[in-house]
Amino acid sequence: MFTRIDHIGIAVFDLEKSKAWYETTFGLTVVAQEINEEQGVHEAMLIVYDGPTGGSHVQLLEPTRDDSPIGKYLAKRGEGIHHVAYGVEDVAGTLTTLGERGITLLDKTPRHGAMGSHIGFLHPKATGGVLTELVEAASR
Ligand code: V0V
Ligand code: CO
């Protein structure tokens, strides 16, 4: 069902500062950056590994408003790992399959994600406390 770790989402207070830290300390490269108003985030993707089924990234997420998922998370827990995102070939189909397996879906249909992807979230209470995202990458 899953083809790779697409990204690890990390909540940060200051995107520019965190980007510079990852670039300088870990030598990672920013491959995309955008504001996603629907999700309330300003996010950057840094590539770690580019494989045959797509890339694996670190996604740095700064909130654009306090009442967004990242804004609430930072206020409660501070900076740290916010979600794990798996690559899939068919996000709509995978959401349907997991829904049928009794997993609570935060998205019943896919939404717009980073780098032209289509994404869907699973509720952390249904996945052992790990907020989980599914990513169907834009065709390359
Ligand atoms: C909240 N909880 C988490 C969590 N956030 N558990 C694990 N990991 C997280 N990141 C727990 C929290 O501790 C509470 O547990 C419970 O869920 C309810 O939390 P809350 O603070 O009251 O917050 P809610 O219910 O308002 O929202 C939580 C959910 C929300 C997960 C439902 O954040 C959401 O819909 N997330 C999906 C969208 C998202 O995260 N977008 C930002 C990334 P207790 O205390 O009740 O036990 S956007 C992105 O990744 C993009 C665009 C991309 O990759 O392309
Ligand atoms: Co993400």
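Trainee: Which residue follows α1, and what is its phi?

Mentor: This is a predicted model, where local features need pLDDT of at least 70, side-chain atom pairs count only at pLDDT 80 or more, and totals for chains, interfaces and linings use all residues. Residues are numbered from 1 along each chain as its sequence is written, and side-chain values use heavy atoms, with hydrogens and water left out. Helices (H or I, at least four residues) and strands (E, at least two) are DSSP runs, numbered from the N terminus. After α1 comes Gly27, with a positive phi near 70°.

Trainee: How far apart are the end C-alpha atoms of α1?

Mentor: The expected span of a helix is 1.5 Å times one less than its number of residues. For the twelve residues of α1 that gives 16 Å, and the model agrees: the ends are 16 Å apart.

Trainee: Which residues of α1 are buried, and within what arc do they fall?

Mentor: Buried means under 20% relative accessible area, exposed over 50%, partly exposed in between (1.4 Å probe, protein chains only). Leu15, Ser18, Lys19 and Tyr22 are the buried ones in α1. They line one face of the helix, because their directions from the helix axis to the C-beta atoms fall within an arc of 105°.

Trainee: Which exposed residues sit on the face turned away, and which strands does the buried side pack against?

Mentor: The face turned away from the buried side carries Lys17 and Thr24, both exposed. Packing is judged by contact, meaning heavy atoms within 4.5 Å. The buried residues of α1 pack against β1 (4-11), β2, β3 (41-51) and β4 (54-63).

Trainee: Which backbone nitrogen does a side-chain oxygen of Asp14 reach at the start of α1?

Mentor: A polar contact is a pair of N or O atoms within 3.5 Å; within protein, one must be able to donate a hydrogen and the other to accept it, and residues adjacent in sequence count only if both atoms are side-chain atoms. Here the Asp14 oxygen comes to within 3.2 Å of the backbone nitrogen of Glu16.

Trainee: Is Leu28 buried or exposed?

Mentor: Leu28 lies in the loop between α1 (15-26) and β2 (29-36). Beyond its neighbours within four places in sequence, Leu28 touches residues including Tyr22, Leu46 and Val58. Its relative accessible area is 15%, so Leu28 is buried.

Trainee: Which residue of β8 is the bridge partner of Leu122?

Mentor: Two strands pair if DSSP finds at least two bridges between them. β7 (residues 118-122) and β8 pair in the antiparallel sense over five bridges. β5 (residues 80-87) and β8 pair in the parallel sense over four. The β8 partner of Leu122 is Thr132.

Key
Chains are lettered from A and ligands numbered from 1 in the order in which they are written.
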